[in-house]
Amino acid sequence: MRMVKGIEVKSVLNKHKKRDDWFLDDYSVNPYSGCSFNCIYCYIRGSKYGENLAKTISAKINAPELLEKQLGRRARRREYGVILLSSSTEAYLPVEEKLRLTRSLLEIILKYHFPLHVLTKSKLVLRDLDLLKEIDKNAILPECLKKKLNGGVVISFSISTLNEKLAKILEPGAPKPKERLEMMQKCKEEGFLTGVCFIPVLPFLSDSEEELDEMIRTAKDYGADFCLVGALTLFGNKEADCKTLYYKFLEKYYPELIPKYKSLFGLSPQPSKGYQKELEKRAKRLCEKYGVKNRIV
Ligand code: SF4
């Protein structure tokens with residue numbers, strides 16, 4: 001296993017100005033910096049990490065000590081809110097198996113009764129289902145979520161395509177999409193609220209009516225309570241930015257799609273508003289067709 005650098009940070013609990021409508025988080029916690037799953041479309045890419053996110057992983061070794069202080073303070077003020085684990089790394093990187101940093105953070109989250117949304121692509125999340133169950137039972141939900149959620153834990157698995165070959169190129173370090181679906185099924189069987197974040201879906205590759213129909217139907221078959229569907233975002237023109245790497249991927253495998261992407265994105269990091277609206281409508285319709293929610297609550 002590659003050596004992972006230990007770093008000390010000044011803060012580990014980020015408070016958002018407003019709860020995220022999709023992920024429900026009021027806070028986020030990132031135990032690591034960088035990510036060995038190394039997805040080409042990952043928005044955290046850029047000069048800070050370099051072209052290979054796997055080479056620059058750091059573990060925030062003082063995260064437990066900091067979280068104890070920061071969450072303790074929030075709990076004393078009764079500022080309960082959903083914590084997203086994680087927003088800009090993977091909390092269950094292979095290195096977590098040995099370091100158990102995420103696990104120590106879960107113990108603190110349990111101690112202070114905060115609810116949690118785990119967003120992952122990793123099998124290792126199954127190791128912590130015991131602690132997650134305790135959090136699910138004991139978390140104190142913010143007032144406005146009390147009637148909408150039955151427990152304090154949501155577990156989501158992110159998938160951008162069910163095509164194994166495409167996933168291997170785009171998410172070279174991550175488990176196969178089918179394995180992620182199997183993990184979701186396990187979480188469902190264990191009683192968690194769980195679903196798939198099809199974020200990002202890939203224009204002209206995994207966003208068509210047929211593709212999305214199959215994705216949502218399959219998610220339902222594996223027990224998804226919800227499916228979130230979101231568009232691709234492409235940032236930056238530097239060597240290690242996701243836009244640069246994504247266009248390199250298109251050049252190599254789908255050169256015929258480049259003009260279509262250029263016309264869809266123009267100079268913006270987001271695809272056109274019309275495309276986004278159409279995608280949202282399609283996702284809503286297909287979720288209704290298969291009886292899954294298109295939001296967590
Ligand atoms: S798993 Fe998430 S954080 Fe890691 S590279 Fe992929 S998109 Fe980025």
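## Ligand site

The ligand sits in the largest pocket. A pocket here is an open set of points on a 1 Å grid over the protein atoms alone, with protein on both sides within 12 Å along at least five of seven lines. Sitting in it requires more than half of the molecule's atoms to lie within 2 Å of its grid points.

Around the ligand are Cys35, Phe37, Asn38, Cys39, Cys42, Leu53, Thr89 and Lys121, each with a heavy atom within 4 Å of it. This shell has 5 nonpolar, 2 polar and 1 charged residues. Nonpolar covers Ala, Val, Leu, Ile, Met, Phe, Trp, Tyr, Cys and Pro; charged covers Asp, Glu, Lys and Arg; the others, Gly among them, are polar.

## Basis of the model

This is a predicted model: local features need pLDDT of at least 70, side-chain atom pairs count only at pLDDT 80 or more, and totals for chains, interfaces and linings use all residues. Residues are numbered from 1 along each chain as its sequence is written, and side-chain values use heavy atoms, without hydrogens and water.

## Helix pair H8 and H9

The axes of H8 (residues 242-253) and H9 (residues 258-265) come within 10 Å and cross at roughly 150°. Axes are lines fitted to C-alpha atoms over the stretch in contact, with angles from 0 to 180 degrees between N-to-C directions. Helices are DSSP runs (H or I, at least four residues); strands are E runs of at least two. The pair is therefore roughly antiparallel, a term for angles over 145 degrees.

Tyr246, Tyr247, Leu250 and Glu251 of H8 meet Ile258, Tyr261 and Lys262 of H9, with contact meaning heavy atoms within 4.5 Å.

## Backbone

Ile199 and Pro200 are joined by a cis peptide bond, omega about 0°. Pro200 is in strand E9 (residues 193-201).

Methods. Angles under 35 degrees count as roughly parallel, over 145 as roughly antiparallel, 65 to 115 as roughly perpendicular and the rest as oblique. On a 1 Å grid over the protein atoms alone, a cavity is a set of points where a 1.4 Å probe fits but cannot get out, and a pocket is an open set with protein on both sides within 12 Å along at least five of seven lines; lining residues have an atom within 4 Å of a point.
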